[in-house]
There are 2 protein chains.
Amino acid sequence: FVEKDFHPLRVPVSRRPALDDLLRCGICYDYYNIAMIIPQCSHNFCSLCIRQSLSSKTHCPACFVAASESDLRNNRLLDDLVRSFGSARQQLLQLVQDARQTPSPLG
Amino acid sequence: FVEKDFHPLRVPVSRRPALDDLLRCGICYDYYNIAMIIPQCSHNFCSLCIRQSLSSKTHCPACFVAASESDLRNNRLLDDLVRSFGSARQQLLQLVQDARQTPSPLG
Ligand SMILES: [Zn+2]
Ligand SMILES: [Zn+2]
Ligand SMILES: [Zn+2]
Ligand SMILES: [Zn+2]
């Protein structure tokens with residue numbers, strides 16, 4: 001057998017969720033959109049998601065520490081990271097695509 | 001000429017600084033080590049770095065907003081991101097190494 005099923009280029013795609021998951025809001029599961037931190041517990045959510053949640057509840061949805069809208073602070077670095085991660089991922093996918101095209105029998 | 005100087009696998013390494021830079025402290029330039037956020041301006045530093053700075057100065061070293069040690073809050077997601085980014089980078093480097101070994105004349 002030739003090592004037909006060994007595709008090293010698939011590795012980062014399948015192991016990607018770690019970084020990817022960390023940049024997602026626990027309420028909407030999408031990437032942070034205007035990330036806000038609850039300073040007392042260090043949890044983060046999209047601005048809209050957490051404001052909606054705190055309009056009816058008085059605690060952090062992740063750890064239930066008491067929290068209100070006035071506690072929220074921007075966590076701008078997360079917004080930068082979401083953008084930067086998005087373009088890094090684009091480059092990686094392009095890379096995988098290029099690498100797959102090189103040895104293609106259709107080439 | 002064969003396209004000897006075209007190494008698509010070098011792309012993410014050379015373009016890596018974006019994500020990489022975002023996860024570095026502006027005081028020590030190393031990756032965040034126990035990241036702390038100054039909630040009033042959203043700037044982040046290592047715990048030790050910013051505590052040392054605020055022991056002699058009364059402002060954020062990045063934007064000069066008034067700040068004191070008691071303002072600091074953990075930004076734990078940044079610590080998780082540093083760890084996760086570190087292992088993603090390891091995998092990517094391994095990947096590049098594997099890909100280079102495959103067509104090697106020494107193989
Ligand atoms: Zn959200
Ligand atoms: Zn919380
Ligand atoms: Zn530092
Ligand atoms: Zn600042």
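This is a predicted model: local features need pLDDT of at least 70, side-chain atom pairs count only at pLDDT 80 or more; totals for chains, interfaces and linings use all residues.
View 1. Residues are numbered from 1 along each chain as its sequence is written, and chains are lettered from A and ligands numbered from 1 in the order in which they are written.

**View 2. The interface between chain B and chain A.** In this interface, 29 residues of chain B are in contact (heavy atoms within 4.5 Å) with 29 residues of chain A. The area buried between the chains, that is, the accessible area (1.4 Å probe) that two parts lose on being put together, summed over both, is about 2500 Å², and carbon and sulfur atoms give 70% of it. On the chain B side, L19(B), L77(B) and L95(B) lose the most area to chain A, together 22% of what that side buries. Because 100% of the interface residues of chain B are also interface residues in chain A, the copies meet through the same surface.

**View 3. The zinc ion (ligand 1).** The protein donors of this ion (N, O and S atoms within 2.8 Å of the metal, or 3.2 Å for Na, K and Ca) are the SG atoms of C25(A), C28(A), C46(A) and C49(A), at 2.3 to 2.4 Å. The four donor atoms subtend angles of 103 to 115 degrees, which makes the arrangement tetrahedral, a term used for four donors if all angles lie between 85 and 135 degrees. Along the chain, the donors of the zinc ion (ligand 1) follow the spacing C-x2-C-x17-C-x2-C. C25(A), in the loop between α2 (17–22) and β1 (35–38) of chain A, and C49(A), in helix α3 (residues 47–56) of chain A, are 24 residues apart, and the pair links distant parts of the chain. Helices (H or I, at least four residues) and strands (E, at least two) are DSSP runs, numbered from the N terminus. C25(A) counts as buried at 1% relative accessibility, as does C49(A) at 13%; buried means under 20% relative accessible area, exposed over 50%, and partly exposed in between (1.4 Å probe, protein chains only).

**View 4. The zinc ion (ligand 2).** Here the coordinating atoms are C41(A) (SG), H43(A) (ND1), C60(A) (SG) and C63(A) (SG), at 2.0 to 2.3 Å, and with angles of 104 to 113 degrees among the four donor atoms the site is tetrahedral. C41(A) lies in the loop between β1 and β2 (43–46) of chain A and C63(A) in the loop between α3 and β3 (73–74) of chain A, so the pair ties together parts that are 22 residues apart in sequence. C41(A) is buried, with a relative accessible area of 10%, whereas C63(A) is partly exposed, with 34%.

Technical notes:
Side-chain values use heavy atoms; hydrogens and water are left out. Four donors count as tetrahedral if all angles lie between 85 and 135 degrees; four count as square planar and six as octahedral if opposite donors are over 155 degrees apart and all others between 65 and 115; anything else is irregular.
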